Amino acid sequence: MPRVRPPAVAGSFYPAQPSTLSTQLDTWLEQARVPGDAPPAALIVPHAAYVYSGGVAAAAYATLWARRAARTRVLLLGPSHFVPLRGVAYPEVDLLCTPLGDVRLDEGLRERAGRLPQVTASTGAHEAEHGLEVQLPFLQRVLEHFTVLPLVVGRGASDEVAQVLEALWDEDVLPVITSDLSHHLPYEQASRADRVTAARVLSLEEPLDAGSACGAEAINGLLRVAKRRELRPRMVALRSSGDTFGAHEGVVGYGAFVFDTP
């Protein structure tokens with residue numbers, strides 16, 4: 001029997017009904033779609049409930065239409081929201097389940113990652129984790145053939161993330177880093193802070209801190225490796241919950257970035 005991670009936030013962060021979920025995703029993706037884009041080398045996307053950040057995430061995922069027919073191995077990294085963690089951890093499962101079906105864990109990437117000293121197995125760290133889960137339905141809509149290695153990242157693990165990326169980032173591997181930006185600032189203050197953070201991402205300037213992005217460690221690791229590989233980042237969306245759905249007193253920022261090859 002395959003080991004399965006069931007969805008933890010279907011029905012709360014995103015629709016549990018497959019038809020409703022597919023329609024919502026396809027609407028956002030079509031609105032964001034730009035014909036003729038070359039396939040990106042990496043993405044940074046937000047991970048809030050879809051009503052807040054789904055349209056922002058779609059702006060990045062829409063760039064994947066260009067690699068729809070290709071076989072893609074997704075290396076998915078984001079912060080551990082609920083379990084204190086050292087280093088980086090993958091779940092001991094075979095399948096990741098969403099309302100749109102099952103996604104197979106990439107056993108080859110898992111095996112290679114497991115050889116690194118900072119990478120361990122922790123199914124518990126993934127059990128309630130929403131940040132990685134909410135990316136899977138987007139990937140299911142834009143990619144026909146893909147496997148995934150989801151990795152939660154502990155605090156202070158930027159160097160370790162960079163090492164994981166250097167070890168696993170082959171031509172057929174797509175790193176997807178998930179992070180929200182500023183948290184619970186007044187709208188205007190948050191907008192200013194997020195513009196500063198976005199400028200640093202576009203300049204490949206790290207390190208970011210946790211106040212700038214909850215997934216700062218994963219972003220910092222990506223920026224370090226992207227600079228070595230001379231990738232070109234571009235911002236495709238920058239908004240906050242005050243723009244999408246909610247009050248302006250204390251908002252959360254969301255950015256979507258695409259990294260292109262030279």
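This is a predicted model: local features need pLDDT of at least 70, side-chain atom pairs count only at pLDDT 80 or more; totals for chains, interfaces and linings use all residues.
I looked up the strand order and found S1-S5-S6 in an open sheet of three strands. The pairing in this sheet is mixed. I then checked the edges: strand S1 (4-5) and strand S6 (101-104) each have a single partner strand, so one side of each is left without a neighbour in the sheet. For S5, residues 95-98, I noted antiparallel pairing with S6 over four bridges. I also looked up Leu-96, and its bridge partner in S6 is Val-103.

I placed Val-251 in strand S12, which runs over residues 251-260. I listed what Val-251 touches, setting aside residues up to four places away in sequence: Ser-182, His-183, His-184, Leu-185, Tyr-187, Ala-190, Ser-240, Ser-241 and Gly-242. For His-183 I also took the C-alpha separation from Val-251, which is 6.2 Å, with the two residues 68 apart along the chain.

I found Glu-217 in helix H9, residues 216-228. I next followed the side chain of Glu-217 to the backbone nitrogen of Gly-156, which it reaches at 3.2 Å. Apart from neighbours within four places in sequence, I listed its contacts as Val-153, Gly-154, Arg-155, Gly-156, Ala-157, Ser-158 and Val-161.

Definitions and conventions
Residues are numbered from 1 along each chain as its sequence is written. Side-chain values use heavy atoms; hydrogens and water are left out. Two strands pair if DSSP finds at least two bridges between them. Helices (H or I, at least four residues) and strands (E, at least two) are DSSP runs, numbered from the N terminus. Contact means heavy atoms within 4.5 Å. A polar contact is a pair of N or O atoms within 3.5 Å; within protein, one must be able to donate a hydrogen and the other to accept it, and residues adjacent in sequence count only if both atoms are side-chain atoms.
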